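Q: Before we look at particular residues, could you take me through the features of this model one by one, giving the general idea and then the case at hand?

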Amino acid sequence: MSCKNTILIVDDNNIDRELVIGLLDDNNINIINACDGLEALTYLRNNNPDLILLDIHMPVMDGIQATLAIRDFADSKQLPIIAMTANAFDENKQKCFSAGMNDFLTKPVEIEKLFQCLITW
């Protein structure tokens with residue numbers, strides 16, 4: 001019996017979310033998805049994913065705000081949070097890292113970079 005890892009994908013764009021889900025779907029990964037940071041926080045109150053893929057620009061609660069809130073949970077300090085954004089400027093990367101994110105992927109997500117990131121974390 002194999003152990004499945006759980007990844008929470010948070011992105012308001014259905015196409016981007018489905019693309020990442022499609023890339024991960026056949027890899028023995030339990031995939032949970034949310035449409036914004038607030039929905040992700042609601043999920044995290046009762047669940048412990050192994051990793052979060054988190055869009056930066058979303059309505060309701062963006063990725064930076066969500067990361068800051070997630071890092072306030074006592075048991076989420078070590079939870080890997082990976083930024084996903086089309087905006088790859090150094091300033092944006094620094095904001096992500098300053099908020100407590102662990103890594104950074106640009107959209108559209110490239111399969112090789114996604115899997116390397118997952119292996120790393």
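Q: What percentage of the residues in the protein chain is buried?

A: A residue is called buried under 20% relative accessible area, exposed over 50% and partly exposed in between, with a 1.4 Å probe and protein chains only. By that rule, buried residues make up 44% of the 121 residues in the protein chain. This is a predicted model, in which local features need pLDDT of at least 70 and side-chain atom pairs count only at pLDDT 80 or more, while totals for chains, interfaces and linings use all residues. Residues are numbered from 1 along each chain as its sequence is written, and side-chain values use heavy atoms, with hydrogens and water left out.

Q: How many helices and strands does the protein chain have, and in which order do they run?

A: Helices (H or I, at least four residues) and strands (E, at least two) are DSSP runs, numbered from the N terminus. The protein chain has five helices and five strands, and from the N terminus on these elements run β-α-β-α-β-α-β-α-β-α.

Q: What does the radius of gyration say about the protein chain?

A: The radius is taken over C-alpha atoms, and the globule rule is 2.2 Å times the number of residues to the power 0.38. For 121 residues a compact globule would have a radius of gyration near 14 Å, and the 13 Å of the protein chain agrees with this. Along the principal axes, its C-alpha atoms fill a box of roughly 40 × 30 × 25 Å. If contact is read as heavy atoms within 4.5 Å, then 60% of the contacts in the protein chain with a separation of 6 or more come from residues 24 or more positions apart.

Q: Where does Lys 107 lie, and is Lys 107 buried or exposed?

A: Lys 107 lies in the loop between strand S5 (103–106) and helix H5 (111–120), and counts as buried because its relative accessible area is 15%. Apart from neighbours within four places in sequence, Lys 107 is in contact with Asp 11, Asp 16, Asp 55, Met 84, Thr 85 and Ala 86. The peptide bond that leads from Lys 107 to Pro 108 is cis, with omega near -5 degrees.

Q: Which side chains make polar contacts with the side chain of Lys 107?

A: A polar contact is a pair of N or O atoms within 3.5 Å; within protein, one must be able to donate a hydrogen and the other to accept it, and residues adjacent in sequence count only if both atoms are side-chain atoms. The side chain of Lys 107 is joined in this way to that of Asp 11 at 2.6 Å, and to that of Asp 55 at 3.1 Å. Asp 55 belongs to strand S3 (residues 51–55) and is buried, with a relative accessible area of 5%.

Q: Where is Asn 102, and which side chain is joined to that of Asn 102 by a polar contact?

A: Asn 102 sits in the loop between helix H4 (90–99) and S5, and counts as partly exposed because its relative accessibility is 25%. A polar contact of 2.8 Å joins its side chain to that of Arg 71; the residues in contact with Asn 102, leaving aside neighbours within four places in sequence, also include Phe 97 and Trp 121.
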